[in-house]
Amino acid sequence: MRKLQLHHRILIGMVLGAAIGLPLNLVAEQGGVDVELVREVARVGEAVGRLFLRLLQMIVVPLIVASLVTGVTGLGDPRDLGRLGGWTFAYYGLTSLLAIVVGIVMTNLVEPGRGVALEALEAESQGQAVPDVVEGNRTLGQILWTQLTEMIPTNPVAATAEGDMLPIIFFSLLFGLFITFTGGEPGARLKTLFEDIFAVMMKMTMFVIELAPIGVFGFMLYAAAGSGLGAFIALGKYMITVVLALAVHALVTLPILLSLLARRSPLAFARAMWPALLTAFSTASSNATLPLTLTSIEERAGVSNRVSSFVLPLGATVNMDGTALYEAVAVLFIAQAFGADLTLAQQVIVAFTALLASVGAAGIPHAGTVMMVVVLEAVGLPATAVGLILAVDRVLDMARTSVNVWSDSTAAAVVARLDRVTATPDESGVS
C-alpha cells in the first residue's frame, strides 16, 4: 500500500476529530453523556493541538529571519528588492480591498443583523471575555502611524524573543540588504551562514510538519466537542454571511487574479497548497502555518525561493484578506443588530479602518477579533459589542485564516510571474 501523502493524512486527522467531537457534543446536549466529560475530551484535544502549535511557533521566527535574509542576499542587485516589494504591496493592497468590498456588499444584501434578537445573542455571549486593547478613539491616521512606528524595533533581539513579526521582518530585510552592500569576504561569509541556517531550518520544519495530522486531529476534536449548537442557531445568519463572503473571495476573486496575472490553473494551484490550507484551517494561525506554506509553494507549486522567502513571511503579517473581510461583515452585523443604519460614508470608514486594522493583526488565533475593537470605535459602536459574536469566533477564525493563507499563496505566484515578466534580459531567477 502506497504511503498516504501529507495532505491526505491531515484531512483524515481533521475528519476523525470532527467525527468524534460532534456526536459527543450532541449527545451531551441531550443529556446522554456527562457534559463535564465532553469538556474534558475537548480540553485533551486542545492540549494535543497546542503542543503541535508550539512546535510550529518554535521554528517560525528563525525560519522567517533566515528566509528573508537569504532571499534578499540572493537577489543580488538591491534594486530588485524594490521591484519585488512594489509588486508585493500592490497585490496585497488590491486583494485586501477587494475582500472588504465583497464583505460589505454581501452584508448589505443578506442583512444578517436585521430583526435579530439581541437577548439571544447576549445569552450566548455570557462568559465570553471581550478584548480590551484600545484606550479612547483612534483616527485612521493614528492607526496607520502606530503601525509604521511599531514596525521599527528599538531592540531587534527583544522583538525576536517576543515574536513581534513586523519589527522582525523590517530588521531582517535591512540586515540582508546591508550584507549585500557590505560585499567582499564579510558579506560572502554572512550570506553563506544564513543559507546554511535556512537549510537546517527547512529540515527541522519538515520534521515538525510530519506531526501535522496529530495536531489537526486535536484542534478539530476541541472545536467539534467544545462548541454548542445554541450559538450557531442564534448567529446562523451571520455565520452564513461571513462564510458566503469568504467563499466568493476565495473561490472567485482570487482565482480570477491567479488566472489573469499568474497564468496558472487555480485548481492545480489549490491542490499544491492543500496541506497548508488544511493546516491553516485547523490551527487558525497563519504565522504557525508559514513553514508548511513555504514548503508547499516551493516544492509542490514550483515558486522559487527567491520570491517565496520574501512574499510569504511578509504576507503572514500584513496580508489578511479573510480578517479584513470578517471585520467589515462583523461590524455591519453589529450595527444592524443595534438598529443603526450606517451611511455610505460610514461604511467607507469601516472599509479603510478594517484594511488598516488587518495589517496590524497578528497571525494568531482570534487576532481579528481583537483588532475589531478599532473598527467598532471608528464608527461609534460600543467595543463591548464584540462579545455578541465571540461564541462562534473560533469556527469563523479557522475559515478566515485559510483565506489569509490562500491569498498569501496566490500573491507569491502572481509576484513571481510579474517579477519574471518585468525583469531585464540579464537578470536571472526562475519562478
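Does R50 count as buried, exposed or partly exposed? At 34% relative accessibility, R50 is partly exposed. This is a predicted model, and in it the side chains of R50 and E46 meet in a salt bridge, with 3.7 Å from N to O. E46 is partly exposed too, at a relative accessible area of 22%. Both residues belong to helix α2 (residues 35-75), and because they sit 4 residues apart there, about one helical turn separates them.

## Other salt bridges

The count comes to 6 salt bridges. Side chains of opposite charge can pair when their charged atoms come close.

One of the bridges joins R189 and E185, at 2.8 Å from N to O. These two lie 4 residues apart in helix α8, about one turn of the helix, and both are exposed.

Another bridge pairs R9 with E210, at 3.2 Å from N to O. This pair ties together distant parts of the chain: R9 is in helix α1 (residues 6-29), while E210 is in the loop between α8 (184-209) and α9 (212-226), 201 residues away. E210 is partly exposed, at 37% relative accessibility.

## How α7 meets α15

Now for a helix pair. The axes of α7 (residues 165-182) and α15 (residues 305-318) come within 9 Å and cross at roughly 155°. Angles over 145 degrees count as roughly antiparallel, so that is how α7 and α15 run relative to each other. The crossing is left-handed.

On the α7 side, the contact involves M165, L166, I169 and L173; on the α15 side, F310, P313, L314, T317 and V318. By class, that makes 8 nonpolar residues, 1 polar and no charged ones.

Technical notes:
Residues numbered from 1 in each chain as written. Predicted model: local features only at pLDDT ≥ 70, side-chain atom pairs only at ≥ 80, totals over all residues. Heavy atoms only, no water. Axes fitted to C-alpha atoms, helices over the stretch in contact; angles between N-to-C directions. Parallel < 35°, antiparallel > 145°, perpendicular 65-115°, else oblique. Left-handed = near helix turned anticlockwise from the far one by under 90°. Contact = heavy atoms within 4.5 Å. Nonpolar A, V, L, I, M, F, W, Y, C, P; charged D, E, K, R; others polar. Salt bridge = Lys/Arg side-chain N within 4 Å of Asp/Glu carboxyl O. Buried < 20%, exposed > 50% of the residue type's maximum accessible area, 1.4 Å probe, protein only.
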